[in-house]
Amino acid sequence: MRRALGWLALIGVIAGLGAGFAYAPREVVQGNVQRIMYLHVPSVLTAYLAFGLVLVGSIVYLATRRAAWDRLAASAAELGVLFTGITIVSGSIWGRPTWGTWWTWDARLTSTAVLFIVYVGYLLLRAMIEDPDARARSAAVVGIVGAANMPIVHFSVKWWRALHQPSTILGPEPSPISPEIRLALLVNWIALTLVFAYFLSRRVEIARLEAEGAP
Amino acid sequence: MTDYARRTWFVLWKDLLTERRSKENLNALFFFSLLLLFLFQFALGPDRRSLEAALPGLLWLGFILAGLLGLGRSFIAERDNDCWEGLLLTPGDKSAIYLGKLVGNFILMAVVELVLLVLFGFFFGVALWPVAAPLALVLLLGTTGLAAVGTLFAAITAQLRARELLFPVLLLPAQVPILLAAVSATDAALNGTPLAEAAHWLKLLAGADLVYIVIGLLTFEFIIEG
């Protein structure tokens, strides 16, 4: 089952690369740099999925006290941080030639950065508690606070930018994307979701074995 | 319900009494606030205008730094004196402990903030009295949010060896919206802008406070049961 998922993910990635590099046309204004979007956009969507799973795992763990849900939350948090990191790095590489800067305190960038540090904090907390039961309970509460905080962060950051300075770097609204580009994005999104599902199943399995091996 | 209120009151009363007798936190926090003011002044230099522009941010930075020290110690008395079990023996709903601690922390922080505010007015020549009412509202909402998450995370980190490090690492990212909203609203209040123009910030603060307190009440029992 897991093997099959792995092969499926591999096929997805190959299809995604084909769609991103061969099938999708060269973007008129941005040129080839735009192809980074086929990694950037699916990464952030996958990260949202991962953090959604952290919330679900945390709530269900507190309700049922089944360690499997805690392992799901922990594994999803690690992958969420990974994919948020990929999002930030790939966005930064894209932003340099397109906006002329590696980083700007735009609303979306800022809230993504906050998302990143919130869950790095979650992982740090987990690393510092040895007792599995106490670790699971504390981490679940932090996972719930982190997720509930995201809409608040979103609005505060949006208004913060909107009030201080209109978006000058982003420029005019991007034109509606062409069907080819949309299809390539979709293929890559599915591919990254498959990769995420495969990684997650592996990570959860490792966590399960670790828990069994521990005295 | 009256039982619940009574238990909340006992936790609060115990903390206030210990604080009044030992003055362990208050004295140090006052002095720390004073030092912060000096440091801000040194860091920004003598230029008055750059100072005025940065004032709301500095003010809340001061509150948050003082809060990190004060809130982080919420459960230290219980831990050091082996009274953790005593706290756990409180009958009934454990969220009463959270509520009592939260109110105690709020009072402690409010006192420190008032002193810091007066010192700010004194050292930086800001007329605070005319804007006292809107400022008080911003302070009330911002401090509630800070204390609500701070109390919860202090309970989480109280038993850890690396708590001095981990507490800020957890709390600061969670406080981003409170900081942004409070600084913007304080800016409006200090400039004498009608509060209606910062109403969306105040609503955000109130909404955030509500979310944090509800989560705190619901999850606190899971944290302290160990």
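Student: How much of the contact in chain A comes from residues 24 or more positions apart?

Tutor: This is a predicted model, mind you. Of the contacts in chain A with a separation of 6 or more, 80% are between residues 24 or more positions apart.

Student: And what pattern does chain A follow along the sequence?

Tutor: It reads α-α-α-α-α-α, with six helices and zero strands.

Student: Take α3(A) and α6(A). Why is α3(A) called oblique to α6(A)?

Tutor: Look at the angle: the axes of α3 (residues 67–99) and α6 (residues 179–213) of chain A cross at roughly 130 degrees and come within 9 Å. Roughly perpendicular stops at 115 and roughly antiparallel needs over 145, so an angle in between counts as oblique. That makes α3(A) oblique to α6(A), and the crossing is right-handed.

Student: Which residues of α3(A) and α6(A) meet?

Tutor: Among them, A:Leu72, A:Ala76 and A:Leu79 on α3(A), and A:Phe196, A:Phe199 and A:Leu200 on α6(A). By class, the residues of that contact are 11 nonpolar, one polar and four charged.

Student: What makes up the side of chain A that touches chain B?

Tutor: The contact takes 27 residues from chain A and 24 from chain B. On the chain A side, α4 (107–128) and α5 (132–164) each supply at least two residues, and α5(A) has the largest share, 18 residues. By class, that side has 21 nonpolar, four polar and two charged residues.

Technical notes:
Residues are numbered from 1 along each chain as its sequence is written. Chains are lettered from A and ligands numbered from 1 in the order in which they are written. This is a predicted model: local features need pLDDT of at least 70, side-chain atom pairs count only at pLDDT 80 or more; totals for chains, interfaces and linings use all residues. Axes are lines fitted to C-alpha atoms, for helices over the stretch in contact, and angles run from 0 to 180 degrees between N-to-C directions. Helices (H or I, at least four residues) and strands (E, at least two) are DSSP runs, numbered from the N terminus. Angles under 35 degrees count as roughly parallel, over 145 as roughly antiparallel, 65 to 115 as roughly perpendicular and the rest as oblique. A crossing is left-handed if the near helix is turned anticlockwise from the far one by less than a right angle, and right-handed if clockwise. Two residues are in contact if their C-beta atoms, placed from the backbone, lie within 7 Å. Ala, Val, Leu, Ile, Met, Phe, Trp, Tyr, Cys and Pro count as nonpolar, Asp, Glu, Lys and Arg as charged, and the others, Gly among them, as polar.
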